[in-house]
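Colleague: I am new to this structure. Could we go through it together, one part at a time?

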Amino acid sequence: MTTQEQKRKTRVTCAPSLAPYLKAELEQLGFDCLSMDKTGVETLATTTEAMRLNLRLRTAFHVLQRFADINCRNADELYSEAKRLPWDRVIDSAGFISISSNVRNESITNSMFPNMRLKDAICDKLVQVGGKRPDAGSSTDGMVVNLHWVDNKARIYLNMTGRKLSDRGYRKMPFMAPMRETIAASVLMEMKYDGSRPLVVPMCGSGTIAIEAALMAKQRAPGLLRSNYSCNHWLHADKNAWSQERADAKKLMVKDDPAPIIASDIEPEAIEATKKNAVTAGVDHLIDFHICDFSETPMPEEVGDVVLHGEYGIRLGEDDELISTYKRIGDFMKTTCSGWDGYVFTSGKPLIGAIRLKVSKRTPFINAEIDCRLLRYELYKGSKVIEA
Ligand SMILES: C[S@@+](CC[C@H](N)C(=O)[O-])C[C@H]1O[C@@H](n2cnc3c(N)ncnc32)[C@H](O)[C@@H]1O
């Protein structure tokens with residue numbers, strides 16, 4: 001069995017609050033979840049399978065393959081133990097490396113120090129074996145090594161991803177307070193969106209929810225949108241396997257187009273950004289764009305899902321200024337969206353209360369370190385209005 005085909009412990013990381021969606025995605029792709037915590041899921045995968053995860057996962061940040069576990073009490077021991085590892089088999093001494101770490105060890109007071117010592121260990125090993133040292137720095141566009149060190153136990157991972165998977169590469173034009181791509185994908189998973197019913201996204205900003213929906217509906221692997229991954233720089237990774245995984249991912253795309261996806265925003269610049277981003281993602285032909293107040297958004301005849309991610313106080317402006325907008329959101333959903341499933345992604349009780357409709361489900365999310373909720377409303381004729 002080649003090292004490429006050997007199953008290894010693989011940690012897939014994600015933003016806080018997204019681990020259940022990541023676990024569901026992994027299971028759907030046929031991977032068992034060995035453990036799950038706030039920021040990731042552990043599974044077993046060969047290097048080829050881990051490449052597949054890089055290309056297909058919608059809710060993950062990084063795919064990390066476990067390289068070694070070492071015991072070390074301080075940075076000197078980290079250096080000496082790490083220097084014994086076979087770095088020459090995995091790192092190209094003519095390449096570029098970056099170290100990222102997460103450390104809880106009482107001997108460490110400067111969080112950059114372990115990165116420097118691990119980088120020294122790797123470079124010194126490569127000089128010892130081949131006489132050449134790689135360049136190193138903070139850019140994650142080359143080879144990336146992750147260190148997770150708690151007390152006397154350090155775990156070293158080879159990062160297969162490099163830049164976060166949430167940086168799909170299509171958001172060339174962010175508008176104000178954009179939602180992270182991985183959160184948008186998780187919100188759509190929570191809505192059970194599959195492209196079979198219309199989706200309306202008023203207040204679309206730079207279009208992240210609409211674009212992620214189009215990618216999901218077409219079963220387009222999000223990782224195909226960019227070409228550079230850290231594993232492309234590994235000495236030991238099989239280039240043919242990577243090309244084959246990309247080719248297989250391309251074949252997943254379905255021919256049929258989804259039910260209408262409508263994106264609207266009151267700001268012309270937001271719609272300009274949404275259009276440009278959708279063109280970059282290759283899904284502009286699947287989205288109808290409108291510049292209008294959310295309440296004027298043209299609704300398809302067939303019912304579906306409507307999702308609003310408006311501004312919320314702590315991030316943008318003051319809650320008080322937004323109360324009337326949220327009252328109007330409630331009116332819009334009650335009058336215009338009768339028969340639809342309505343969703344509002346927001347933060348803060350006063351704003352939620354201002355909608356004055358009965359919430360059928362609240363799902364917590366953390367967006368840009370703010371506690372948020374995805375609120376679900378079943379909007380039937382005569383939906384119950386809660387009096388303030
Ligand atoms: C938080 S941003 C949405 C971000 C979006 N989910 C993204 O990922 O880029 C809120 C958006 O609501 C829009 N907006 C505010 N008031 C509006 C109104 N009355 N009608 C339509 N859009 C409005 C803003 O222009 C802004 O683009």
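Modeller: Let us begin with helix H5. The buried residues of H5 pack against helix H1 (19-28), H6, strand S13 (341-346), strand S14 (361-367) and strand S15 (370-378). Contact means that the C-beta atoms of two residues, placed from the backbone, lie within 7 Å. Helices (H or I, at least four residues) and strands (E, at least two) are DSSP runs, numbered from the N terminus.

Colleague: What kind of model is this, and how are residues numbered?

Modeller: This is a predicted model, in which local features need pLDDT of at least 70, side-chain atom pairs count only at pLDDT 80 or more, and totals for chains, interfaces and linings use all residues. Residues are numbered from 1 along each chain as its sequence is written.

Colleague: How many residues of H5 are buried?

Modeller: In H5 (residues 181-190), 9 of the 10 residues are buried. A residue is buried if 20 or more other C-beta atoms, placed from the backbone, lie within 10 Å of its own, exposed if 12 or fewer, and partly exposed in between. Among the buried residues of H5 are Glu181, Ser186 and Met189.

Colleague: What follows H5?

Modeller: Just after H5, lysine 192 has a positive phi of about 60°.

Colleague: Turning to H8, which of its residues are buried?

Modeller: They are Ala270, Ile271, Ala273, Thr274, Asn277, Ala278 and Ala281. Viewed down the axis of H8, these buried residues fall within an arc of 155°, so they line one face of the helix. The arc is that of the directions from the helix axis to the C-beta atoms.

Colleague: What does H8 pack against?

Modeller: Its buried residues pack against helix H6 (208-217), strand S10 (261-265) and strand S11 (287-291). Glycine 282 follows H8, with a positive phi near 75°.

Colleague: And which residues come nearest to the ligand?

Modeller: Pro178, Met203, Gly205, Thr208 and Ile266 come nearest, of the 22 residues around the ligand. A residue counts as near if its C-beta atom, placed from the backbone, lies within 6 Å of the molecule.

Colleague: Lastly, how is the protein divided into domains?

Modeller: Domain 1 covers 8-159, and domain 2 covers 181-219 + 258-378. These bounds come from an automatic or database domain assignment. The centres of the two domains, taken over C-alpha atoms, are separated by 36 Å.

Colleague: How many residues are in contact between domain 1 and domain 2?

Modeller: 9 residues of domain 1 are in contact with 9 residues of domain 2.
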